[in-house]
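Please open the structure in a viewer and keep the selection panel at hand. The stops below are meant to be taken in order.

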Amino acid sequence: MLSESVAAASSRRGFLARTGRLLVGLAGGGFVLEALRAQKAEAFHFCGHIYTTGSCPHPVGLPRIDAKGFPLRAADGKPVDDLGRAVDRLGRPVNAKGALLRDPDGNPLPPAPRTRVCTRAGREFGFRGQIDGAWYRCCGGHIRKLVDCCGYVGNRINGDAALTGYCYSGRRVFCVMYYDTKIKC
Amino acid sequence: MVGTVGAARHRGRAGAAFTAGLLLGAAAVFTSLAALGAAVSGHAVLVVALALGALAVVSDALGLRVRPQIHLQVPEPWRRRMPLERALFLYGLLLGTGLSTYVPATAAWALPALCLALGSLGAALAIAAGFAAGRALPVLALAARGGETVLAERPQGLRLLRALAAAALLCALVAGRVEAAGTVAPNANDPSVAGTDVAWQEPGVGGFLRRAGTAAVQLPGDNPAIGATFVVWHAGPQVTVADRATLAPALEDTIPGVQKLAVSRSWLAYRTPTEIHVRPVTETGPGRIVVKVAQPATLGRPALGVDLVVFHRASRDGSSITAVNVVSGRRMTLRSSHDDQLLNPSLLGGQLLYVRSSRCSQQLVLGPARKGARDRVLYKTAPLAGQDAGHDPGHTHQGERLPCPFRPKPTTRMLWTTALSPTTAYVTVLKPGSGGRTVPTLLAVVRR
């Protein structure tokens, strides 16, 4: 890390970068500088992710999870079942207003399976998925916990070689998820 | 071909041999395609077949050039080297495949695709018969008139033929679409079928029974079920078993908490909020508990075969369809899933009909009532939820993983309870109403 900093500071590219930022800063002020910084984070597919490992299979798409690893809808943080429907805390489907959906007799509609995202990834790809470690970033004004789904795998979900990342005991990162905390940053 | 048939000494026998060859060739190709379609049928195959059908309708209606064409002819020497009947039979066999020579109308290309999409041997045989008749009749008619060159000299005849083919294909496509899922009754739920009789529940109104060709009559109770010679309903906890023909009560009993019923020649099954019971249909009392769950897991409406009761169990851990032999007590998990929701099975003649709701679609499926058997889709609709972009706004696509291979357009309409007759599969569709309540519509889907 130190060597990279030294290289960045001493290389021609580092010099140009610094000169460029200075010029931009003079011309456009802090707003433009902030935009340039933001572009650096956009290299990966969701905020806070710092490598190319793909998302874990998730019923809605973006791999947002709750504190226990169950799927949440990324847009609003509502819990969803494996069919992607919004559900209550007992896993029963609810409508857009949060009211329990009922059959024509007035009974709640049956719950569909709701599986931890890492567990489901393991089931789908033939390994025992587990969460070992995580890292944290500031995303959208809140601390985001980035979580590796680990297993004894040779390849990650992308199909190429898996890395150790935040996994232990010989396990490697198969795919990634995230948990948005309520802690402001 | 007109000349060859016309030159035969026994024109009738020659025509019959040609027609038989056509029928056999067409049947072989189209039923093979149907068998293949039954194995690989899916949404994409159906869409392609419908698109081809629509294209053929336009092409034949406008008289566009028929493309593609196979630039082959039937082997001419056969007519000289073989007995004429045998040669004509073989010519028929080749022409019947529809894939070995020029075709006179684009509709001929839509038929194999439709066979593949339908995946039904019966439908394939019907298409083959129609195709063979379409190829045989002009040849036989012109041979009888001795007008080998009529079509070539007066192309209006071929033009008319193509227009008729377009019209017939259009009718078939429209009828197929209409028949795909017809409404039996609005605001109707929980169908039950025996022979040509159908019973259902209208929420807030009561149970109804419709006999073949007659208007539905309201029954003096709720949640009716029919089976063998019986019809059963309940009014609160009061359960009535009645004769299906006369509606005369044969047995009455009080069952606290009863919600859903099923009846067969020998058995009565009922569901309470957390249990399913079975007992002989001629006896009273609570009977035997077949299954019990703890909420929020739920049990579906029971359905009865001869000595089998089937039901679904749905929970957050998974869902399954179980059959219990009510004589031996043997329990079999017919279908189970940790990902999909399996709902509301029906049984008839060893066939199991149920709803499979998965992340990317809802399906009404039919398959053998044994463990691990393959199902085929009778009706399919959109999934119950959409998907997001898979990446944060302004971020790259690299690494995103979306649940469905296509972007689904979700629906709020949910496939629900089922019933099965020899010709028709019934399914209730729930449409969300106000305050989380749902409004049912009963659909009929033709079995194939």
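The model is predicted. Begin in chain B by selecting β19(B) and β20(B): these strands form a hairpin with 2 residues between them. In the turn, Gly349(B) has a positive phi of about 55°.

Next, display the backbone of both strands. β19(B), residues 341-348, pairs with β20(B) in the antiparallel sense over 6 bridges. To find one of these pairs, select Leu348(B), whose bridge partner in β20(B) is Gln351(B).

Now keep β20(B), residues 351-357, as the selection. Is this strand mostly covered or mostly uncovered? It is mostly covered, with 6 of its 7 residues buried.

β20(B) and β21(B) run antiparallel and are joined by 7 bridges. Together β20(B) and β21(B) form a hairpin, here with 4 residues between the strands. Within this pairing, Val355(B) stands opposite Leu364(B) in β21(B).

Move to chain A and select β1, β2 and β3. The 3 strands form an open sheet in the order β1-β2-β3, with antiparallel pairing. β1 and β3 of chain A stand at the edges, and each has a single partner strand, so one side of each lacks a neighbour in the sheet. On average, neighbouring strands of this sheet are turned by 25° against each other, direction ignored.

For a detail of the sheet, select β1(A) and β2(A). They pair in the antiparallel sense over 8 bridges.

α4(A) lies across β1, β2 and β3 of chain A and runs at about 165° to β3(A). Just after the helix, select Gly126(A), which takes a positive phi of about 80°.

Finally, display both chains and select the residues at their contact.

Key
Residues numbered from 1 in each chain as written. Chains lettered and ligands numbered in written order. Predicted model: local features only at pLDDT ≥ 70, side-chain atom pairs only at ≥ 80, totals over all residues. Buried ≥ 20, exposed ≤ 12 C-beta atoms within 10 Å, placed from the backbone. Pairing = 2+ DSSP bridges. Axes fitted to C-alpha atoms, helices over the stretch in contact; angles between N-to-C directions. Contact = placed C-beta atoms within 7 Å.
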